[in-house]
Protein chains: 2
Amino acid sequence: MNESEFIAALRTLPLHPGAQDLRDDTAILAIGGETLVLTHDAIAEGVHYRPGTDPFDVAWKLVATNLSDLAAKGAEPVGLLVGAVLVDGAERFVEGLRAILTEYDVPLLGGDTISVSPATFGCTAIGRATVTPVPRRDGARPGDGLWITGPVGAAMLGFETGQGSAYLRPRPRLTDGQALAGHVTAMMDVSDGLLLDASRMAEASGCTADITLAKVPVAAGADPLRAVTWGDDYELLFAAPDGFEPPVPAARIGGMIAAGKAPLLLDGQVPGIALGYQHR
Amino acid sequence: MNESEFIAALRTLPLHPGAQDLRDDTAILAIGGETLVLTHDAIAEGVHYRPGTDPFDVAWKLVATNLSDLAAKGAEPVGLLVGAVLVDGAERFVEGLRAILTEYDVPLLGGDTISVSPATFGCTAIGRATVTPVPRRDGARPGDGLWITGPVGAAMLGFETGQGSAYLRPRPRLTDGQALAGHVTAMMDVSDGLLLDASRMAEASGCTADITLAKVPVAAGADPLRAVTWGDDYELLFAAPDGFEPPVPAARIGGMIAAGKAPLLLDGQVPGIALGYQHR
């Protein structure tokens with residue numbers, strides 16, 4: 001059983017309507033007149049980060065990836081539950097948590113602590129929707145413009161050179177997401193690679209994403225074709241009706257067209273490369 | 001840094017008021033006129049279950065331990081987020097999830113899937129309080145009776161003999177918890193050992209728990225003194241004013257008295273044994 005088959009099997013379970021058939025990064029829970037946005041992500045040593053990574057950065061990334069999922073829904077964080085591991089240097093983990101909780105003004109709600117090696121950390125983020133219905137990844141329509149809130153490739157450079165904070169300490173675009181949520185037809189964060197995530201949005205929406213490489217903002221020094229297949233930048237990718245004037249800085253990188261032979265075209269062609277990081 | 005020091009460090013972080021200073025098993029989130037109860041627990045192969053355990057049982061126990069935390073708050077489950085691991089025999093994990101979701105009528109809300117070995121699974125359970133304020137562990141008062149909803153020791157026997165379902169497939173006392181929540185002064189589930197959990201309730205409440213061993217219901221065939229120090233039975237332990245008539249089957253095993261030289265007395269003595277499973 002591979003991951004796709006596993007997720008397909010999980011879809012046969014009793015699902016909450018807010019689970020959206022497990023086809024989105026978050027669950028939506030309407031309760032008491034509010035709409036909550038819930039997400040859970042885990043990261044494991046040796047899989048999501050290198051052994052020897054400063055636990056400060058592990059804490060930051062654990063929380064940042066979850067907050068990024070809230071950002072893509074325009075949600076305001078309410079609190080976090082953290083499944084923490086008592087690792088060597090645990091005080092650095094606590095300091096990393098303190099840094100990101102303070103930076104984004106998010107309180108800790110609770111969690112659990114275990115001792116296990118190699119370490120696997122979990123985080124559940126709970127947010128309050130600021131706009132309903134919250135943006136989904138499947139709402140784009142042919143004719144929509146396709147946009148990204150900032151450059152790709154900085155995390156790739158950070159990973160490869162050890163320079164800069166983009167890879168180790170990504171910044172979830174919470175305020176951008178809240179500003180955009182009421183205007184977009186679809187939105188998601190770019191975690192696995194721009195081309196891959198754009199193809200997912202297009203496929204979910206029954207469209208083809210038509211991206212022009214030269215229009216994609218790329219971090220200085222990064223090879224554009226590699227940058228668009230690399231994840232971890234956590235910019236927001238969104239679709240909006242033609243003529244949309246975004247309220248936050250964003251670049252139009254292409255548009256959605258009627259579904260064609262592939263969910264993604266790059267400069268009018270089906271790319272002959274891996275689109276991004278595919279979980280196995 | 002040991003686990004106590006780690007948790008003490010986590011308490012210095014920005015905490016949500018509903019985190020209750022990380023001194024309870026759940027977080028309380030008042031939202032839109034409702035009160036949510038949130039809990040997150042992780043279980044790891046080789047720590048919380050033996051390598052080679054049927055993934056069906058891993059799934060059951062993962063969910064059951066989280067639902068048990070909701071039970072102790074009298075909460076009704078709303079949904080679960082599962083941090084799943086793609087293990088050998090993942091179809092059995094899915095079937096175990098299906099069994100417990102169906103048994104307790106709880107839907108899956110979402111989650112995450114990773115591949116990591118040894119496996120560490122996470123679960124976040126979200127419940128809706130049926131009674132507010134929800135029972136805490138720190139509300140017991142001297143003079144209260146101390147009660148348990150059922151026998152201890154069945155999980156111990158199951159672990160040691162491989163017989164029966166008590167250890168592998170514990171049953172969260174959700175309906176008992178809901179029936180009791182409006183009447184108790186304190187309640188918690190017994191996960192780490194009756195004596196240890198009772199001493200925690202007493203300590204949090206500023207009392208001493210005074211337990212009579214002969215009054216503790218014990219599974220047939222289990223040694224009483226060992227059974228009261230063994231966890232995993234997930235019965236509910238609660239305190240209630242003297243004269244309370246419980247609406248569900250329960251045994252009065254002692255009472256709370258003014259705080260004395262130790263948080264727990266067994267047959268009038270400070271026990272000279274380990275009280276339960278202490279996380280290191």
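Modeller: A strand, as the word is used here, is a DSSP run of E with at least two residues, and strands are numbered from the N terminus. By that rule A:D112 sits in strand β4 of chain A. Keep in mind that the model is predicted.

UniProt, in an unreviewed entry, lists A:G111, A:D112, A:R136 and A:S191 under "binding site". These positions span 81 residues in sequence and their farthest two C-alpha atoms are 30.3 Å apart, so they do not all gather at one spot. Two of them can be examined together. A:G111 is also in strand β4, which covers residues 108–114 of chain A.

Is A:D112 buried or exposed? Its relative accessible area is 18%, and A:D112 therefore counts as buried, because the limit is under 20%. A:G111 has 35% relative accessibility and is classed as partly exposed.

A:G111 is in contact with A:L81, A:V82 and B:H40. A:D112 touches A:V82, A:G83 and A:A84 in chain A, and B:H40, B:D41 and B:A42 in chain B.

Chain B gives 62 residues to the contact and chain A gives 63. The size of an interface is often given as the accessible area lost when the parts come together. For chain B and chain A that area is about 5000 Å², with carbon and sulfur atoms giving 74% of it. On the chain B side, B:F6, B:H40 and B:L109 lose the most area to chain A, together 13% of what that side buries. B:H40 is also a contact of A:G111 and of A:D112. Several elements of chain B give two or more residues to the side touching chain A, including β2 (34–44), β3 (75–85) and β4 (108–114).

A:D25 lies in the loop between α1 (3–10) and β1 (27–31) of chain A, and at 28% relative accessibility A:D25 is partly exposed. A:D69 belongs to helix α2 of chain A and is buried, with a relative accessible area of 6%.

The contacts tie this group together. Apart from neighbours within four places in sequence, A:D25 is in contact with A:T39, A:D69, A:R137 and A:D189. A:D69, counted in the same way, is in contact with A:D25, A:T26, A:T39, A:D41 and A:D189. The side chain of A:D69 also makes a polar contact with the side chain of A:T39, at 3.1 Å.

One further position, A:D192, is listed by UniProt for "binding site" in an unreviewed entry. A:D192 is in the loop between β7 (186–189) and α6 (194–205) of chain A. Its relative accessible area is 11%, and A:D192 is buried.

To place these residues, divide chain A into its assigned domains: domain 1 (3–129) and domain 2 (145–266). The contact between the two takes 24 residues from domain 1 and 18 residues from domain 2 of chain A. Their C-alpha centres lie 22 Å apart. The area buried between domain 1 and domain 2 of chain A is about 1800 Å², and carbon and sulfur atoms give 54% of it. A:K61, A:A72 and A:Y104 supply 27% of the area that domain 1 of chain A buries against domain 2 of chain A, more than any other three residues.

Across this domain interface the rule finds three salt bridges. A:D232 forms a salt bridge with A:K61, and their closest N and O atoms are 3.6 Å apart. The rule also finds six residue pairs in polar contact across the interface of domain 1 and domain 2 of chain A, both residues at pLDDT 80 or more. Which element gives the largest share of the side of domain 1 that touches domain 2 in chain A? That element is α2(A), with 11 residues. A:D69 is in helix α2 of chain A too.

Note on methods:
Residues numbered from 1 in each chain as written. Chains lettered and ligands numbered in written order. Predicted model: local features only at pLDDT ≥ 70, side-chain atom pairs only at ≥ 80, totals over all residues. Heavy atoms only, no water. UniProt positions renumbered as here; feature names shortened; annotations may be inferred. Helix = DSSP H or I, 4+ residues; strand = E, 2+ residues; numbered from the N terminus. Buried < 20%, exposed > 50% of the residue type's maximum accessible area, 1.4 Å probe, protein only. Domains from an automatic or database assignment. Contact = heavy atoms within 4.5 Å. Buried area = accessible area lost by both parts, 1.4 Å probe. Salt bridge = Lys/Arg side-chain N within 4 Å of Asp/Glu carboxyl O. Polar contact = N/O pair within 3.5 Å; in protein donor to acceptor, adjacent residues only side chain to side chain.
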